[in-house]
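This report covers a pocket, a surface patch and the salt bridges of one structure. The model is shown first.

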Amino acid sequence: MNDPLKILFVGDASSYHRTLARGLNELGHETVVASNGGYWLNTGRDIDLRRRFKGKFGGLDLWLRLNCGLRQKMRGFDIVTIGSQSFIELRPGRKGSFFDYLKANNRSIFYTALGTDSNYVAECLDPTTPLRYNEFKIYGEDSPYLRANPGICDAWLTEDMRRLDTHIHSSVDGAMSVLYEYHVALRRSHPEESIGYLGIPIDTDALRPVELPERPEKVRFFLGRYRNRLLEKGTDVMEAAARAVVGRHPDRAELVIVENRPYDEYLQLLRSAHVVLDQLYSYTPATNALQAMAYGLNTVSGGAPEFYDFIGEKELRPVIHVEPTYESVVSALEDVVAHPEQIRPRGIQGREFVVRHNDYRLVAQRALDFWHRRLDER
């Protein structure tokens with residue numbers, strides 16, 4: 001297993017697999033990424049798995065493309081890893097059939113928990129979960145997202161979806177988590193020895209730090225909105241809190257909002273910020289927050305004590321952590337405006353945190369170590 005590996009990633013989210021693939025390439029391995037590009041993000045891929053048309057015809061078109069040549073390019077790999085349950089945009093039956101093809105025609109197959117799946121939804125709804133809050137439940141009560149979309153959990157927990165989820169988790173050679181909360185959920189379906197924590201890979205070389213002022217005269221808050229995910233991410237609460245704080249301090253703070261921008265354009269806009277408002281219901285800083293931290297910017301996001309304990313970080317606490325309430329966000333932002341001299345040192349600490357825990361070559365090595373261990377145990 002010391003020879004270079006051929007690795008196929010199927011499905012992606014926020015360019016996770018694409019960035020991980022680059023890290024593996026630098027470590028001497030051959031990679032192929034097959035994905036739909038993440039919709040408007042249009043992230044890089046080697047095999048395009050977009051649904052080119054809406055409705056049932058789009059699914060049929062993708063299925064025909066798979067069977068008329070695309071899937072032939074996805075065989076003969078040492079490692080295949082699929083991106084959560086939504087690794088391809090097909091109905092459960094066809095998705096399961098494609099999964100079986102990948103398993104039968106490659107040496108091994110793994111699961112990357114990088115988004116919502118039936119297993120995660122079940123964990124979030126379980127009253128015994130250690131996750132005190134998530135996008136569906138907040139301290140045991142329905143979240144605004146669930147109240148606005150009462151059937152959203154049921155859609156993940158239909159018989160077809162649960163059957164597919166069970167089939168995948170019982171068939172893969174191992175599963176990898178990218179967030180603390182996804183790792184908690186994987187424990188429902190896997191013994192501890194068959195799951196590994198990778199974290200989110202960040203290209204720290206490409207995201208060079210921004211030179212922040214010692215004491216910004218006007219704090220620039222930055223909010224990137226995804227129009228269809230405002231309630232899911234808590235963006236609505238963060239925006240309302242930021243508008244309230246800026247309204248009280250118009251001479252000391254401002255709010256910049258961008259919406260549904262392509263990935264590369266979004267990163268350029270991000271560099272203009274001092275403080276990036278990310279997610280409200282997370283325990284772990286995800287891609288957007290980590291990219292901002294790599295730039296040396298401040299982030300308001302998930303930075304729960306459980307997460308720091310999970311990764312064994314005893315020193316650095318760079319994330320401006322908020323509880324999932326409007327009042328908590330307002331309090332945190334008011335503190336930032338009152339103490340702008342803390343923005344730069346917090347940003348320096350954030351950059352150090354990302355280099356220490358999320359550099360894409362480091363995450364790639366974690367993946368390799370996990371794959372080797374699981375294959376040696378077979």
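## Second largest pocket

In this predicted model, the lining of the second largest pocket comprises nine nonpolar, eight polar and four charged residues. The volume of this pocket is about 260 Å³. It is lined by 21 residues, of which Thr 19, Arg 22, Tyr 263, Leu 267 and Gln 291 are the closest to its centre.

Helices α1 (16–26), α11 (263–270) and α12 (287–294) each contribute at least two lining residues. The largest share, four residues, is that of α1.

## Nonpolar surface patch

Phe 53, Phe 57, Leu 60 and Leu 64 make a nonpolar surface patch of about 380 Å². Leu 60 belongs to helix α2 (residues 55–70) and is partly exposed, at 36% relative accessibility.

## Salt bridges

The whole structure holds 29 salt bridges. One of them joins the side chains of Arg 50 and Asp 48, at 2.7 Å from N to O. Arg 50 is partly exposed at 36%, and Asp 48 is partly exposed at 23%.

Glu 323 and Arg 132 form a salt bridge with their closest N and O atoms 3.7 Å apart. Glu 323 sits in the loop between β14 (320–321) and α14 (326–338), and Arg 132 in the loop between α4 (118–125) and β6 (137–138), so the pair ties together parts 191 residues apart in sequence.

Arg 248 pairs with Glu 334 in a salt bridge, the closest N and O atoms being 2.8 Å apart. This pair links helix α10 (residues 235–248) to helix α14, across 86 residues. A network of salt bridges links Glu 26, Asp 205, Asp 359 and Arg 361.

Methods: Residues numbered from 1 in each chain as written. Predicted model: local features only at pLDDT ≥ 70, side-chain atom pairs only at ≥ 80, totals over all residues. Heavy atoms only, no water. 1 Å grid on protein atoms, 1.4 Å probe; cavity = no way out; pocket = protein on both sides within 12 Å on 5 of 7 lines; lining within 4 Å. Points joined across faces, edges and corners; volume = space filled by probe spheres on them. Nonpolar A, V, L, I, M, F, W, Y, C, P; charged D, E, K, R; others polar. Patch = residues over 30% accessible without salt bridge, like charges linked within 9 Å, V, L, I, M, F, W, Y side chains within 5 Å. Areas by Shrake-Rupley, 256 points an atom, 1.4 Å probe, with all protein chains shown as cover. Salt bridge = Lys/Arg side-chain N within 4 Å of Asp/Glu carboxyl O. Buried < 20%, exposed > 50% of the residue type's maximum accessible area, 1.4 Å probe, protein only.
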